[in-house]
Amino acid sequence: MTGTAAPFAADDYRARMERATRSAAEAGLAGLLVAPGPDLVWLTGYAPTAVTERLTLLVLAPGQDPVLVVPTLEAPDAGKAAGASALTLRDWTDGKDPYAATAALLDAGGRFGISDNAWAMHLLGLQKTLPGTSYASLTEALPMLRAVKDRAELELLAAAGAAADATFEEIRNVPFGGRRESEVAADLAGLLRRFGHSQVDFTIVASGPNGANPHHEVGDRVIERGDMVVLDFGGLKDGYGSDTSRTVHVGEPTDEERRVHDLVRAAQEAGFRAVRPGVPCQEVDRAARAVIADAGYGEYFIHRTGHGIGVTTHEPPYMIEGEEQPLVPGMCFSVEPGVYLPGRFGVRIEDIVTVTEEGGRRLNDTTREMVIVD
């Protein structure tokens, strides 16, 4: 993961590590093992400049202080992390066994949660050193670890959303017709950076029939008059994510295009209105999907309604059938229904929404009406 960590203090990271350790114990785990990536950034503020084959691992276990096992040559940088004073650094030098150094911190017969993005060689090295241990991915063991944001995190997410909104307000005024998708995508990336993003994760510009592919890879197709164009873009600002989608039209749309766009807008509104504390995540998906299905387009809504967002642009919770996790104030996620007509066009409208005590609050405020562009 790249990007600038949010400006939190050591006490914030200490509280997060304590909460994560308690959650692990409540889940019946002997502890958590956290490799470089979004979980490590969230827990410690440390993001190695390069992730290599050398083992870096945060060990959280009940009854002991947090320990970051780190290569000696990277220890100075780790010691500068915002949360470094809330943990102990244990470095190891080349030629020494990092798994033996880590094993001394672990219950030899325990079950541990481990980062989803931990390298297989490191997990296998630990298993070889401690054959009595077992492991579960953090997404499986503690899917809601980062899901509920505090006030400072919500402010950063709101600022990222506002920057994405400013990007849309600018992009709607640039020429579309006669330009390549890749050119408009470059405009989007430049605008996100201008409005404060340190990292651009995606800039989807899907014109005409390409709009029927929700994850279209931007190409050299020339956008034509009469095209519907799906715009989906986001990244990280001050360490927290943005992600929004709007669908614009080059010139006047047909009646059918307006009808489908209005349908998706109504579905997005229904999904948003379903957000309130205690409601299972799947109910947000059901609310949005019912609007589209009732209009006869159910088979063309081919993805989940939403995903969580925080220090990454995609994380739990997920708004999808079968997810019974209740919504909790402070959760943040997308509500992004779509209709995709193969070979013709697609429409998607997406806002980031946070759960409040009373319901939901959008973090994106640009118009959801169809926007006509040149």
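Predicted model: local features only at pLDDT ≥ 70, side-chain atom pairs only at ≥ 80, totals over all residues.
A search of the whole structure identified 24 salt bridges. One of these is formed within helix α1, which spans residues 10–26 and contains both Arg14 and Asp11. The two residues are separated by 3 positions, about one turn of the helix, and their side chains meet with an N to O distance of 2.5 Å. Asp11 is exposed, its relative accessible area being 55%. Arg14 has a relative accessibility of 29% and is therefore classed as partly exposed.

A further salt bridge pairs Arg179 with Asp187, with 2.9 Å between the closest N and O atoms. Arg179 is counted as buried because its relative accessibility is 19%, and the threshold for that class is under 20%. Asp187 is partly exposed, with a relative accessible area of 25%.

Lys237 and Asp238 also form a salt bridge, in which the closest N and O atoms lie 3.4 Å apart. Here Lys237 is buried, at 16% relative accessibility, whereas Asp238 is partly exposed, at 34%. Elsewhere, salt bridges with shared partners connect Arg246, Glu269, Arg273, Asp351, Arg362 and Arg368 in one network.

In the helix α1 pair, Arg14 is partly exposed and Asp11 is exposed.

Methods
Residues numbered from 1 in each chain as written. Heavy atoms only, no water. Salt bridge = Lys/Arg side-chain N within 4 Å of Asp/Glu carboxyl O. Helix = DSSP H or I, 4+ residues; strand = E, 2+ residues; numbered from the N terminus. Buried < 20%, exposed > 50% of the residue type's maximum accessible area, 1.4 Å probe, protein only.
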